[in-house]
Amino acid sequence: MEHPILFLCLILQKFGIPSGHFYYEHADKYGILAQVFAPHMVYSYFVCLVLIILAVIGARKKEFIPKGIQNFWEYTLEEIYNFTKENVPHGEHGRPNLVPLVYPLIVMFTLYILFCNLLGLVPGCTSPTANLNVTLGLTLITIVYYHFLGLRFQGLRYFKTFLGPIPWLAPLMLPAEIFSHIGRIISLSVRLFGNLISKELLLGILTMLAGKFFAPLPIMLLGLLVSAIQTLIFVLLSLAYFAGAVEEGH
Amino acid sequence: MKKSVVLSVFTLLVAAASAFAAEPGAAKMVTGFGFFAAIVLASGLGVGLGALGCGIGMGHATRGACEGIARNPELAGKLTVTMILGIALIESLTIYALVVALILLYANPVLPKVIKLLGL
């Protein structure tokens with residue numbers, strides 16, 4: 001299958017930067033610039049730029065009764081705060097309060113993954129998350145962070161939770177727990193990647209087959225649903241892993 | 001008597017075919033039912049079988065959610081969210097099969113070695 005035509009990469013090519021699928025695949029000839037401006041990186045920079053601009057505009061005036069962009073941001077951040085608070089221990093009954101340690105990361109995940117997924121529906125753009133490197137990066141943040149949280153709140157007793165509730169079962173539980181934790185890395189990254197690459201491949205093939213009859217439109221509707229659901233799943237599973245790393249014993 | 005005749009004829013035919021097949025080995029691996037046909041068959045069957053179990057599982061999930069909502073309509077929002085969560089987790093198993101199929105088709109690690117072996 002041929003590579004799609006990406007507008008931002010074409011614009012960068014006019015400025016002389018080797019950006020695009022062709023340059024990325026022959027990156028050893030075109031140097032480091034072809035990898036820094038690879039197609040998924042260019043769109044990732046674009047999403048980050050859009051989010052930063054929206055945030056700077058939204059934080060400019062702080063009126064008591066919000067309207068406009070400030071209203072949108074207040075609603076979004078409050079909804080994400082309530083969602084985080086429901087799914088993570090927040091300091092009641094003597095449990096540790098994880099919300100200030102986890103909330104900014106979850107806001108970043110939600111907004112970044114949602115914008116990246118939806119960007120793939122715009123003709124001429126591709127989702128950065130339709131690339132395994134990006135999703136693996138996001139997954140590794142979650143994995144490293146939840147081990148860090150487990151070690152911080154439980155010290156070295158954290159490794160004892162891998163052995164299971166009954167000490168006689170430890171030789172059985174330890175490999176199972178290790179494989180399940182390794183499986184989390186693969187599952188979290190491949191789930192997001194697989195959903196988005198299948199959407200992009202399907203849109204590409206339908207356009208090739210029956211583009212003038214607007215055949216990709218139902219898949220785009222499905223793509224809207226899948227983008228939102230996959231964001232929710234990634235964030236919910238990250239929160240579940242954070243909560244699971246901090247709980248004491250089984 | 002008839003069965004032994006049929007069996008002996010069949011064995012002779014298979015032996016003759018394998019004797020002839022040994023000579024144009026590389027061409028038969030490419031154009032016959034060889035390596036590339038095996039890749040395509042594996043990808044198609046893999047995704048199809050993966051979708052089979054996924055469909056059954058999602059049917060059970062939706063059945064549970066519908067029964068729960070029918071029994072207690074005021075919990076419809078929470079039940080729907082739980083169903084969507086379960087469906088996305090089940091669906092990810094089919095996505096694993098799809099990713100393996102895509103790896104086989106587009107980023108096959110064995111293909112360069114086979115091509116070098118066949119001398120293409």
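In this predicted model, the buried residues of helix 8 of chain A are Val134(A), Thr135(A), Leu138(A), Thr139(A), Thr142(A), Tyr146(A), Leu149(A) and Gly150(A), where buried means that 20 or more other C-beta atoms, placed from the backbone, lie within 10 Å of the residue's own. Residues are numbered from 1 along each chain as its sequence is written, and chains are lettered from A in the order in which they are written. Local features need pLDDT of at least 70, whereas totals for chains and interfaces use all residues.

**Helix 8 of chain A**
- Helix 8 (residues 132-154) of chain A has 23 residues and reaches 32 Å from its first C-alpha to its last, close to the 33 Å expected at 1.5 Å a residue, the expected span being 1.5 Å times one less than the number of residues.
- Helices are DSSP runs (H or I, at least four residues), numbered from the N terminus.
- The cover over the buried residues of helix 8 of chain A includes helix 5 (39-58), helix 7 (99-119), helix 9 and helix 10 of chain A.
- Just after helix 8 of chain A, Gly155(A) takes a positive phi of about 65°.

**Chain A against chain B**
- 10 residues of chain A are in contact with eight residues of chain B, a contact being two C-beta atoms, placed from the backbone, within 7 Å.
- The largest share of the side of chain A that touches chain B, six residues, comes from helix 9 of chain A.

**Confidence**
- Chain B averages a pLDDT of 82, and 79% of the residues score at least 70, pLDDT being the predictor's confidence in each residue, from 0 to 100.
- The model scores ipTM 0.74 and pTM 0.84.

Terms used. This is a predicted model: local features need pLDDT of at least 70, side-chain atom pairs count only at pLDDT 80 or more; totals for chains, interfaces and linings use all residues. Helices (H or I, at least four residues) and strands (E, at least two) are DSSP runs, numbered from the N terminus. A residue is buried if 20 or more other C-beta atoms lie within 10 Å of its own, exposed if 12 or fewer, and partly exposed in between; C-beta atoms are placed from the backbone.
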